[in-house]
Amino acid sequence: MNLGKLFGRDTEPATKEMREDGRERLPAGQYLTKKWPILTYEATPKFDAERYRFKVWGAVEEPFELTWDELQALPRVQLTSDFHCVTTWSRYDNAWEGVHIREILQRAKPSPAAQFVTAHSFTGYTTNMPLADLDDDDVMIAFTHDGQPLEPDHGGPVRLIVPKLYAYKSAKWLSGLEFMEKDRPGFWEVRGYHNHADPWKEERYW
Ligand SMILES: Nc1nc2c(c(=O)[nH]1)N[C@H]1C(S)=C(S)[C@@H](COP(=O)(O)O)O[C@H]1N2
Ligand SMILES: [Mo]
């Protein structure tokens, strides 16, 4: 049925694609781009595989540290997800390959009191989120994008991917996860970006 004609409008609303969970695929206030913009506050860092460590600490029963080779050796998954930047662009169907977040959570065993997580970049960038948002089927640590090694400007060689929150939660150049009992706002979160960042609630600024 053509609702535009039915109600005498000259323009029809674009057909809305829906997700399995009943939400619209494109969150309100977002536009689609096929390009992949680069959004970074700091300078793109040099990566040193010898010195790199992936650290997990805080409110966990088994804190641990992995070398680059050890992180690379963890089991891998491939997941495809949409990417939503708070500055209003979205990019669909990003194919990521890397380590599923549950590989990390199983090893770390967050303590019962752990409620929040800070993702750390080796540049010093941080971003916080509820553990419940990190511990999800679509969250991963990515090394490749659309079949190519992740470019340095896009967080290569390693970044976090949390598709259901605005992309400032997807820390580039990921170097660790800190589990916390209390929340602690990260880099953008103390500069006015929303602490939670759900695109379907337009949680952009606070
Ligand atoms: N370390 C770090 N991670 C970051 C950022 C940043 O400035 N530094 N920007 C965030 C923001 S606001 C977005 S939209 C995405 C952008 O990722 P892209 O540059 O690969 O598109 O990375 C997020 N992760
Ligand atoms: Mo962003």
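Ala119 sits opposite Thr127, a residue of strand β7. Strands here are DSSP runs of E with at least two residues, while helices are runs of H or I with at least four, and both are numbered from the N terminus. Keep in mind that this is a predicted model, where local features need pLDDT of at least 70, side-chain atom pairs count only at pLDDT 80 or more, and totals for chains, interfaces and linings use all residues. Residues are numbered from 1 along each chain as its sequence is written, chains are lettered from A and ligands numbered from 1 in the order in which they are written, and side-chain values use heavy atoms, with hydrogens and water left out.

**Strand β6 and its partners**

So who pairs with β6? Strand β7 (residues 126–130) runs antiparallel to β6, and five bridges join them. Two strands count as a pair if DSSP finds at least two bridges between them.

Is β6 (residues 116–121) mostly covered or mostly open? Five of its six residues are buried. Buried means under 20% relative accessible area, exposed means over 50%, and partly exposed is in between (1.4 Å probe, protein chains only).

**Helix α3**

Now for a helix: α3 covers residues 101–108, and its buried residues are Ile101, Glu103, Ile104, Leu105 and Ala108.

Most residues other than glycine have a negative phi, and most peptide bonds are trans. Thr88, in the loop between β4 and β5 (89–100), has a positive phi near 90 degrees. Thr88 is partly exposed, with a relative accessible area of 25%. Ala197, in the segment after β11, has a positive phi near 75 degrees. Ala197 is buried, at a relative accessible area of 0%. There's also a cis peptide bond between Gly156 and Pro157, with omega about 10 degrees. You'll find Pro157 in the loop between β9 (148–149) and β10 (159–161).

**Around ligand 1**

Which residues come nearest to ligand 1? Of the 20 residues around it, they are Pro37, Tyr41, His154, Arg159 and Lys172. A residue is near a molecule if one of its heavy atoms lies within 4 Å of it. The table shows some polar contacts, meaning pairs of N or O atoms within 3.5 Å.

| Residue and atom | Ligand 1 atom | Distance |
|---|---|---|
| Glu42, polar side-chain atom | nitrogen | 2.8 Å |
| His154, polar side-chain atom | oxygen | 2.6 Å |
| Ser170, backbone N or O atom | nitrogen | 3.1 Å |

**The cavity**

The structure has one cavity of 30 Å³ or more. The largest cavity has a volume of about 40 Å³. A cavity is a set of points, on a 1 Å grid over the protein atoms alone, where a 1.4 Å probe fits but cannot get out, and lining residues have an atom within 4 Å of a point. The volume is the space filled by probe spheres set on the points, which are joined across faces, edges and corners. Among the residues lining the largest cavity are Phe83, His84, Pro163 and Ser170. Strand β4 (residues 77–84) gives the most to this lining, with three residues.

Key. On a 1 Å grid over the protein atoms alone, a cavity is a set of points where a 1.4 Å probe fits but cannot get out, and a pocket is an open set with protein on both sides within 12 Å along at least five of seven lines; lining residues have an atom within 4 Å of a point. A polar contact is a pair of N or O atoms within 3.5 Å; within protein, one must be able to donate a hydrogen and the other to accept it, and residues adjacent in sequence count only if both atoms are side-chain atoms.
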